Structures are given as structure tokens and as C-alpha cells.
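Hi everyone, thanks for coming. Let me put the model up, and then I'll walk you through a few parts of it.

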Amino acid sequence: MKDNTKKSFDIKSIFRGGLGQLTIPIIAIALLVIFNLIRDPSFFSIGFSSNNEGNTVLEGNLISIINSASELAVLAIGMTLVTAACGGQDISVGAAAAIAGSAFVKVLKSGSEIGAGTVIAAFVLACVVAMIFGAFNGTLVAVFKIQPMIATLILYTCGRSIAYWINGGATPTVSSPIITAIGSFIPGIPVPTPVIIVIVMIVLFKLLFRFTSLELLTQSVGINGSAARLNGINTTFIKLLSFIFLGICVAVAGCIGVSRLGLINHETLLLDIEMDAILAVAIGGNNLGGGRFKISGSILGAYIIQMLTITLYAMKVPSTDVKAYKAIVIVILVVIGSPVVKQKFNRFMTQLQMKKNQTAVKEGGKA
Amino acid sequence: MKKNNGFREPLTDTQLLMTITICIFIAMYGLAMIFLQGGFLHVQQVFDLLNDNASLIIVSCGLTIVMIGGGIDISVGAVTSLTVMSCVLYLNNGGSIFGSILLALGIGLAFGIIQGALISYLEIQPFIVTLAGMFFARGFTTILSVNPQKVDHEAFNKLRETKIEIDWLGYTAKNGTRIPGRMELGVIVALVIVVLVFILLQYFKPGREFYAIGGNQTSALMLGINVKRTRFLSYVICGLLSGISGYVFMMHTGAGNATNAAGMEMNAIASSIIGGTLLTGGVGNVAGTFFGTMTLTTIKKIVVASGLNDPWWQSITTGGMLCFFILLQSVVLSRREKKKKAS
């Protein structure tokens, strides 16, 4: 399965899976870039323009890809952790984000004026609410040993209704310069704010992995839970923690989503994002059965999905039909990445090389 | 409930979970009959539940087979929707009923075969493959038609109107006319499929092999079971049943719509779980799934009947009930495990 034992650094090794986990995402990005270059090179043009508020902002397809994939990228971070630790996926993130967004709006609406303090308080509350629901999912998974998909099916079923209930059956709007700034651009900075938030999240998680042993612990729990427990790792706590981290990601994604639109619609906020987030994790080369993981892969995966969507939009595909084309690309990607195909390809390449040059094969085998 | 007292054969996990579900369903329905009365006293209520959910029952059967084999298929709802839309368009463009049935079966089979081949022979994770299948089917449905389409086919509409009327199960309406119990043809299809799948799982070799590969893949392989082919077969059956479910859905609604059967995959998974199927594989029973579907749909009726009219209560109660069943299963199974270890 994991055939990155051979580590020869020639160009062919990329095609043989020499990049390890990141092979598929990099191939996918390369394919998309080449396709777009052939189709229409102006796809990649980036320019400056001034928006309604008179700020100078960056503009272009690439920027809109990076901007609109923000929620997905944030969720992919948390989803990777949960996948790695529990060997299953959380399908309730969209619903949980709706709840977090509702809580966010509820606090914003409570005061007469929306100041910086209110926004921070609202965000903190949204985080707390999302963490509580994350802990609920986590308890079911870690303590009651229920499959993550089944456990989160509960919140998937009723989450959006809870969001509806929080706001008393309405879809309130919020309008404030601060919310607009979070959702689009901060005056004076040409980069969209959601992108900055994603970068901050990535840095935070990198620091977390740098200064704690969370990454190692998560991987060991995911690879073999009972072995990890026998080595003195509190597997229950690690699993629970991964869900709580996902909760924070959900809250951030929910708040970005709400700020972007300036309203909370419990039915359509981040609709179907759970499937995309899981897809991002899978495209990133992470094993959905848990174990070793790479956050960078998942984030790349998120951008690939968005790049694909925007490419399709640029080709004038109606938004309702995008899914069908997306599915075809997904199937091609996973077939390329499937262990059986990889094995066959590797064998084929080795045979080819053996015929060409036997000594090179021997050296490659030693290295 | 039966007790394991050494003399009798102890209940297997499958039977235990199924028994719990059936008991709870009967208790729930009984309470509804006593406290809510109204429609619950008429047999027609049960018929209505069946009429509305025949396609869900069929899909859940297919999903149960896949889940017993240790897999998952989340494309079922989308395939149902695609089948409905294609059949409606085919009928409206002058197709025959026989042809439309073949088309429905063909679509289902095609999805089953492609997904099954990708999952079992190329060893790709089932969740991703069927997710792609779901995206494809949903997307293709809207490519076929974004607008709702109504069936405009004389023979089909006649078939659709055909209902089985059972007079002695009917009731007398307030104005004195006698209304017989009405059941749609789709219900018969659904019930036949439940029985067939039950027999397949219980008495035939492929059925037993599904349990074997779901329970422990390695030991199944050592027993000489062709694991890949068995897994492939489970997805093919599931795909086929999605196709049939699409046809039954069309018989019920008589129209195709891009949002048809939205969320059906999750309802089907929930029905299977309530019926005692474990996602880990190896445990499950299609009779339990049938009662699972009934429980899931009855609770929604009860919520409406008891006057909780706010739109959020239905799904919040469904979620709560799901939570209850999932926790119950977890507790029951872990207690049994402990007992097994102790003895």
C-alpha cells in the first residue's frame, strides 16, 4: 500500500509516487493548470481594481479561487485531524457551521450597535458552541466507540434545524463595516480577509504541531489504537480533542460564511461542504481509514476542488451541472491514486527500466 | 424479551438489535394509538406510511446489504433521482412502460457495476467512489432537466392510478361513505424485495458471504470466499435496488424533479442503523431495516400529530431518536462483549 520506500529522486520517481502523499494533489494541480493554459491563458491574469468602498483590491480567477476556498480549507484542516485520529469522517460540519453562524448572528443582533467587542464576543461564543457540539460528537465516537460517520449523522440530521431554532425561525441579516471587512476586504489591504484568516489558521496549527506532540499522538492513535493505549496514550482524549479542534475550524468557517453574505440562512450556509471537505482530505492523499496525515495535502485538496469548480464556471457550465463534471474528475484522480493501479504502474515501470538498464535498477534498489 | 439462560440458543447480535427495534416500534405505535388516536387508529395510516416510503424501504434494503458487507453507498438517493428523471423524459418522448422499466434497471445496474468495480477491484475507498457517484447522478439529473417534469403517458398514468383496495381494512368516513384501505403497487414491490433480500441473506450462499466479509475480511479470505467478487456483488445489488426504487418513486409522485429524493441516502443509512445494522459490517438484518424505516417515518407523523408545528421539531426529534438508538446499540454491544470476555 505505502510504496514510498524507494526514494530515488529522479523525475520519473514523481510519476512512480516518489512524492509520497502529495503525488496526486500535485498531478491534479498540474493537470488543471495545463488545461487552463491551453484553454485560455488569461484565466491566470491578476489585476488591481477598486471595489464599491473605494479600496484597491486584487482581482482575478486565481484570487477568487483562493478566496472562495477559504471555508473549505479551514474545514479540511480539522477534518484531517478527525480522520487521522478516528479513522472516520465528520459529516455534520456543514450543519455545525450553520449552528455556529446562528450563534454568531444571535450575539451580533443582541446589541444595538456592532462594535469590535461585540464581534469578538460573538466569535468566541460561536467557537464555544461549535466546540460543545464537537465534544458531543467526540464523546459519542471516543467514549461510546461509535463509528464517526454514524455518530455525526445525528447532528447532520438535526443541526440545521437547531440553527433555525436558535434564530426563532428567521434568517436575520447583519450589516456592519466590521462584518463586511471580515467577509471581503479590510480597507487598505488588497488581499481578501478570508485568505488572511486561512493563513492565520494554518500558522496556528503549524505552531501547535511544532510545540506539542499532538501530530505524533494523533498518528499513533489512528494507526493502532490499542497499541497506542498500551503505550500510555490516552486515546479517548486524543479523539475527543480532534473533534474539539474540528469544532474551532467549524466556527471559523461558519463565521466567514456568515460575514461573506451578511446574513444567516440555515438551509444554504455552507451547504454540502461536508462532502467537499472529506473529498479534500482524500485528494490530499490522506488515508480515510486513519493514521498518517498531512495537513498540507488536505489544504491543497481544498484548493484543487475550488479550482476545478471555478474552471468549470469559466467554461460557462451552469452551477447546477458542475457536480457531474466534478465527479468525473474525482473518479479519474482516485483511480490514478488507487493502490492497485499504482502497483501495476510501478511494476510496468520497473520492467521497462530492467530492459533498458539493469545496473540502474540495482542502484535504485539499494537506495 | 427472551433471556439467555444457557439452555436456549443465545440471540446473535443481529437478532438482539432487531428485536429491540421491533419492540420499540410496536411500543411507539401503541402509545400513539392510545394518546393521539385520530389517524393512528385506522389501518390506512400504516398504508399511507408504506405508500409514502416504499422507495425508501427498497433503497434501505440495498444499503443494508452493502453495510453488512462492511461498505457504504451514499449515491443511492441521487441514483433514485436520476432514474426518476430519465424515466419521466423517456416516457414523455414516446417510450413504452416496458422500456422504462428496463431503463430504470439499467441505470441502477450501471451505477452498481461501475462503483462496485472501482471499490472492490481497484480498492478505492467506498465513501469517495459513491460520493463521486452521488455528485455525478445529481449533476446529470440537472443536465437532463432543471425544471420539474410531469409524466404525460396514458398507459403509465393508468398503472399509477391502479391501487390495491382492501375493503375490510378500510374505515367509515365522517359523512358515512366507506373508504377501503388503499395500497399502491410500489408497496407490493417493496415488500416482495424485503422478503427476497431476507431470503437471500438468510439462506443463500452469497448472502452468508456478505456477513463473512463484513465480519472479518481476512478470515473470509481464508475460508475460500472470493472477497472481491462478493463485495462487487453487494454494490451491484444495491445499485439495482436504487434503480427499482427510482421507478417506485416515479409511480408514487408521477413527476421528475432535480430535488427528488434529496437526503434519501442519509435517511436510508439512518433506517438501517435503527434496524440494527452496524456500519462496521457483519451485523444486520433486512427485517430490522424494514422496521427501522417504519420507526423513522412514524416518529415524524407523531411529531406532526402531537401539534409541534414549528418546522424544526421534526428533524430535531429524528436526530434525538437516532441518538437514542445509536447509544442503545453501543451500550448493548459493549455489555455483551464484556460478558463474553468474562465467561
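Let's start with strand β1 of chain A, residues 46-50: of its five residues, the number buried is zero, so the strand lies largely in the open. By buried I mean that 20 or more other C-beta atoms lie within 10 Å of the residue's own; exposed is 12 or fewer, partly exposed is in between, and the C-beta atoms are placed from the backbone. Strands here are DSSP runs of E with at least two residues, helices are runs of H or I with at least four, and both are numbered from the N terminus. β1(A) pairs with strand β2 of chain A, residues 56-60, in the antiparallel sense, over five bridges; pairing asks for at least two DSSP bridges between the strands.

A word on the model itself, please. It is predicted, so local features need pLDDT of at least 70 and side-chain atom pairs count only at pLDDT 80 or more, while totals for chains, interfaces and linings use all residues. Residues are numbered from 1 along each chain as its sequence is written, and chains are lettered from A and ligands numbered from 1 in the order in which they are written.

Now two backbone spots in chain A. Most residues other than glycine have a negative phi. A:K145, in the loop between α6 (116-142) and α7 (148-166) of chain A, has a positive phi near 55 degrees. A:L270 also has a positive value, near 50 degrees, and lies in the loop between α12 and α13 (273-283) of chain A. Which of these is buried, and which is partly exposed? A:K145 is partly exposed, with 16 other C-beta atoms within 10 Å, whereas A:L270 is buried, with 25.

On to the core. A nonpolar core is a set of buried Ala, Val, Leu, Ile, Met, Phe, Trp, Tyr and Cys residues joined through C-beta atoms within 7 Å. The largest one has 201 residues, and those touching the most other members are A:L75, A:A76, A:A100, A:A126, A:A130 and A:V250. Helix α12 of chain A, residues 235-261, gives the most to this core, with 15 residues. Take A:A100: leaving out residues up to four places away in sequence, its contacts include A:A126, A:A130, A:V250 and A:G254. Contact means C-beta atoms, placed from the backbone, within 7 Å.

Over to chain B, which has 13 helices and four strands. Its radius of gyration is 21 Å, close to the 20 Å that the globule rule gives for 343 residues, so chain B is as compact as a globular protein of that length. That radius is taken over C-alpha atoms, and the rule is 2.2 Å times the number of residues to the power 0.38. Buried residues make up 48% of chain B.

Within chain B, look at helix α3, residues 76-92: 14 of its 17 residues are buried, so the helix is largely enclosed by the rest of the structure. After α3(B) comes B:G94, with a positive phi near 85 degrees.

Finally, where the chains meet: 36 residues from chain B and 40 from chain A take part in the contact. On the chain B side, α5 (126-144), α11 (264-274) and α13 (313-342) each give two or more residues, and α5(B) has the largest share, twelve residues.

That's my tour, so over to you!

Key:
Two residues are in contact if their C-beta atoms, placed from the backbone, lie within 7 Å.
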